[in-house]
Amino acid sequence: MLRSDAAARRLYQLLYPFLLIWYALVAAGLVAVVATWPDRPIGSLDEIPWWSHAIALAVVAITWAPVSAYLDRGVHQLAFGQRDNAYEVAGHVSRQLLPSVAAALAGTMALPYVEIESDGRVVTSYGKAPDGAPVVAIPLTYEEAPDEQLRLGTLRVSARRRRDRLSAADLRLLEDLARQIAMTMHAAHARERLVAAREEERLRIRRDLHDGLAPTLASLGLRLGVLQRILPSDPAAAAELAAELRADVRQATADIRRLVYELRPPMLDELGLVDALRNLRSGDDLTRTVSAPDPLPALPAAVEVALYRIAAEALHNATRHAGARACAVELVVSPADVTLTVTDDGKGLPADYLAGVGHRSMRERSSELGGSLTIGDAPGGGGTRVAVTFARGPHD
Amino acid sequence: MGRMTRSTALRIAAALSVLVAIIGIVLFDLPNLVLGARDSEAPFGLVLGSFTSDVLALVAAYGAWRLQKWGAVLLIAVNAFWIVQAVSSLLFDRTGAEVLFASVMLVHHIVVISFCLWRERVVSAAV
């Protein structure tokens, strides 16, 4: 890209003076044609009168400013317009991370000023806008779902020179590149969210181990020492202490199981996803039907956990909030994606429905893995339908 | 600048140049090349130069049609050369037909160069 940028500059430096000189010569030639018209054809250039050259000089001097400006703009556009290798520019930009995208964009399109703004603050900027040069703002939007545009920020670029607007082709290319920048920003945001979620998970596990299990085990150790000391002298007290210790060990074991369950439900490994869904406890006598392909194709572990958790939350909501008596869980797997649908026969979503913690949790689990979640009324009226779709493959 | 897109302008420039190059090859270059250096009606150096520029124009037109930068640049160069030829023809040729042809070609070459340097009208710019 740097080489092509240098080539563009060299082309501009060569072609612009060439066309200026050529214009002066052609103007001189045309004035000579007019000046010698009564005597044409002439035999040699020597027959052109001297005043023809003087008039030509005056014509060139008078027309110099507009013609040179026109040639300058045209050659500049031809050299730096970059429309020949738009895909090269796009590929180059997409490989850059945000801090260097602005510099890459400025370098590749010969733009003096590029700024990327997100959440009301300037994320990065490059160069300085020339005085009087118009600045164009292009929204950075990402299409999360059909008809669902997510505004991530704004790309601002200035024209190349004073009073010289960017061409329509430049704007089209910038809009294409803005989409790529938005994708880069969206990916960066998603990565930040994943890292944050992972760190929160680590903190929670650390807290559970440090504040729960560690003191319990330390206490057990101390009390086992007491038990050892009193066992010969006071067997009755020792037996009572042993009973307490046994209860504490059970509690510690339950804590460990809970921790393990929260990391990954053991049922998924023991029974597989379909049977784990069949054995999900919804808290009461909810009638449940589970349909899934047999055998179920292998799914990424993270997708299995997300499907299981979302189904568990949907069943919980059906029982607790919707008063449902029956629920249908359907798993559909295609080569491209996997879709889980949970449909209940409860009272459905209220008219003034606002997403609660459970729904937000389902949405977060879905978006963490790039899935799409829809929560709405069940087909046929009455009840609620929760559907989540994940792409297959990239999460392996 | 005009409403015409740059790609359209480049393609029109390419088509115009192909037309002129083919006319030049068929009506001037090939007959004189067939006659040979001794019997050529025009100076043979001029014939060779004209043939070379016509072939270059065809190559340039291909590049310009594909919206390649090198095609537009080569087309500018060839038409700049042809303009010098046209002005020379206006100065030195004798018949009215030759002068008329040179005048038409002069306009043609200026139009082609203008199309090669075409800048599209800015349709939207939010500040």
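In the predicted model, Thr374(A) stands opposite Ala387(A), a residue of strand E9(A). Strand E9 covers residues 384–391 of chain A and runs antiparallel to E8(A), to which 6 bridges join it. Both strands belong to an open sheet of 5 strands in chain A, ordered E5-E6-E7-E9-E8, with mixed pairing. Strands E5 (287–291) and E8 (372–377) of chain A stand at the edges; each has a single partner strand, so one side of each is left without a neighbour in the sheet. On average, and with direction ignored, neighbouring strands of this sheet are turned by 10 degrees against each other.

Two helices of chain A pack on these strands. H9(A) touches strand E6 (326–333), strand E7 (337–344) and E9 of chain A, and its direction makes about 10 degrees with that of E7(A). H10(A) lies across E8 and E9 of chain A and runs at about 150 degrees to E8(A).

The helices also pack against each other. Helix H9 (residues 301–320) and helix H10 (residues 357–368) of chain A meet at an angle of about 165 degrees, and their axes are 10 Å apart. Because of this angle, H9(A) is roughly antiparallel to H10(A). Their crossing is left-handed. Residues in the contact include Ile310(A) and Glu313(A) from H9(A), and Met362(A) and Arg365(A) from H10(A). By class, the residues of this contact are 3 nonpolar, 5 polar and 3 charged.

Between the chains, the contact takes 29 residues from chain A and 24 residues from chain B. Helix H3 (residues 69–92) of chain B gives the most to the chain B side, with 9 residues. That side has 15 nonpolar, 2 polar and 7 charged residues.

Notes:
Residues are numbered from 1 along each chain as its sequence is written. Chains are lettered from A and ligands numbered from 1 in the order in which they are written. This is a predicted model: local features need pLDDT of at least 70, side-chain atom pairs count only at pLDDT 80 or more; totals for chains, interfaces and linings use all residues. Axes are lines fitted to C-alpha atoms, for helices over the stretch in contact, and angles run from 0 to 180 degrees between N-to-C directions. Helices (H or I, at least four residues) and strands (E, at least two) are DSSP runs, numbered from the N terminus. Angles under 35 degrees count as roughly parallel, over 145 as roughly antiparallel, 65 to 115 as roughly perpendicular and the rest as oblique. A crossing is left-handed if the near helix is turned anticlockwise from the far one by less than a right angle, and right-handed if clockwise. Two residues are in contact if their C-beta atoms, placed from the backbone, lie within 7 Å. Ala, Val, Leu, Ile, Met, Phe, Trp, Tyr, Cys and Pro count as nonpolar, Asp, Glu, Lys and Arg as charged, and the others, Gly among them, as polar. Two strands pair if DSSP finds at least two bridges between them.
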